[in-house]
Amino acid sequence: MSKHTIIPRKFIFLLFFLLFFLLLSIGIYVATPDNVFGNDFYVFHSASRALFIEGISPYSEQVEIANQLGVYGRVAQPGENLLTFSYPPYALFLFYSLAFLPLKLAQSIWISLLFSLLLILPLLSYPLIPRWALISSFCLYPISFGLILGNYAVLIGTLLVFILGYLLDSTRPSLKWDVLTGFLLAFCTIKPQFSALFILFILLLALRSKRWRLIQSFIISFLVFIAFSFILLPSWPLEWYQQLFKYVDSNQAIPHVTIFLQLFLKESTANLLSIMITILMFVVLAWMLRKWWFGSFSSLKILAFIGFLTYFIHPRTVSYEQITFLVPFLIWIFSNPPSTSTLTKVFFYFSAILISWGGFFAAKAGWVALFPLEWIFLFYIIWMGYIFLSPNAVHLQTHDSTVPQTLVESN
């Protein structure tokens, strides 16, 4: 057979993705005919319809009350989620076409898209990915919960895993992929409390590797998103700012570090100490980044600490925010370096799945005080200790056994 008659591999991959996405969308739609289970998706869909069809600000009280009536059947009571749209307007970029579809159909398409990208994107960055991990990453409770709600945390986490996998392997640099990566990284800014530290490290990694096209693409794409937001809603910065404070107040979003300290200290003392600890943690991160820049610190150790710090200072909300520390964990699992025992990875991976669901079932059984959802974070700290102490666990290699010269790092 002539090489000109062979179907390009990229075309086959794209065709497979579209077919899988289509069949899964149909399957979700048919299997759940009377269920609208994505509360977060409901908020996004409602906001997109308000902005693109009705010409109403997605931050307006009118949209907020409509969301509450649609989900609760009444106005939210004190202590309940107000179901506000708390993202910048360009977060609705992907929802433009979905806004014109019925809620049930749009939800099926969206959740299918999240699930499809979760399964397919890692294959592009991690060809050596263990298949048992590829087909089961959705089994981690925070990811399962995020998929059910249709939250952006799943998409942002998936994109960060994909981008970091691509950048940490410089054996196949591509200007086209750098442009795409910069665009995707700019989109990850829709959830800054989730992605900010990861974005900082990715930009430093691109700068150290002289990936100028990626940095240019990120800046240009971010500016385009901002301009897009001003065109749609000129007053969005002030409205978004007010919405964020309303969200924090209504959800009593207190950082995890503060909640932990309040178990032992008075509230005022805990608040002051949490600020001091947070500053210290950022000083430690700066020290790590400096060592990493000069090639004497591992990228995986940096990512592990970033996952820890992001969740440590993140306001306590819902379980899918735990994806912040699952990002470095999954990068370690997916990268499959030959220096790390497969058995070790299998142990850590399936232990994480069991522990993540342990908090859920404990809550159902009324044992949440003994086994809270945050237990998986304790497991993550144990894993991070292994990454920092084991000399064989820190090299990130995704395509072959050759460590790129720009990424040679000591432990």
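Me: Which ring does the charged end of lysine 345 sit over?

Reply: In this predicted model, the ring belongs to tryptophan 332, and the charged end of lysine 345 sits 5.1 Å from its centre. There is another case to look at: arginine 208 lies over the face of tryptophan 292, at 4.2 Å from the ring centre.

Me: How many aromatic pairs does a search of the whole structure find?

Reply: The search finds 56 aromatic pairs. Take tryptophan 110 and tyrosine 152: their rings are edge-to-face, with 5.4 Å centre to centre and 85 degrees between the planes. This pair links distant parts of the chain, since tryptophan 110 is in helix α4 and tyrosine 152 is in helix α7, 42 residues apart.

Me: Are tryptophan 110 and tyrosine 152 buried or exposed?

Reply: Both tryptophan 110 and tyrosine 152 are buried. Now try phenylalanine 329 and phenylalanine 379, an edge-to-face pair with 6.2 Å centre to centre and 75 degrees between the planes. Phenylalanine 329 lies in helix α15 (residues 323-335) and phenylalanine 379 in helix α17 (residues 375-389), so this pair ties together parts 50 residues apart in sequence. These two phenylalanines are buried as well.

Me: How should I read a nonpolar core, and which residues touch the most other members here?

Reply: Start with the general idea: in soluble globular proteins, nonpolar side chains tend to be buried together. Here the largest nonpolar core has 113 residues, and Tyr152 and Phe329 touch the most other members. Helix α7 (residues 152-167) gives the most to this core, with 13 residues. To see tyrosine 152 in its surroundings, leave out residues up to four places away in sequence; it then touches Phe44, Tyr87, Ala91, Leu94, Phe95, Trp110, Phe187 and Ile190.

Me: Phe44 is in that list. What about its helix, α2: how many of its 16 residues are buried?

Reply: Helix α2 is mostly covered, with 12 of its 16 residues buried. Among them are Phe41, Tyr42, Val43, Phe44, Leu51 and Phe52. The buried residues of α2 pack against α3 (61-71), α4 (103-125), α6 (141-149), α7 and α10 (212-232).

Me: How far apart are the end C-alpha atoms of α2?

Reply: They are 21 Å apart. At 1.5 Å a residue, the 16 residues of α2 (residues 39-54) should span 22 Å, so the two values agree.

Me: And what follows α2?

Reply: Glycine 55 follows α2, and its phi is positive, near 70 degrees.

How values were computed. Residues numbered from 1 in each chain as written. Predicted model: local features only at pLDDT ≥ 70, side-chain atom pairs only at ≥ 80, totals over all residues. Heavy atoms only, no water. Core = buried A, V, L, I, M, F, W, Y, C linked by side-chain atoms within 4.5 Å. Buried < 20%, exposed > 50% of the residue type's maximum accessible area, 1.4 Å probe, protein only. Helix = DSSP H or I, 4+ residues; strand = E, 2+ residues; numbered from the N terminus. Contact = heavy atoms within 4.5 Å. Expected span 1.5 Å × (residues − 1). Phe/Tyr/Trp six-rings, centres within 6.5 Å; stacked < 30°, edge-to-face > 60°. Lys NZ or Arg CZ within 6 Å of the ring centre and 35° of its normal.
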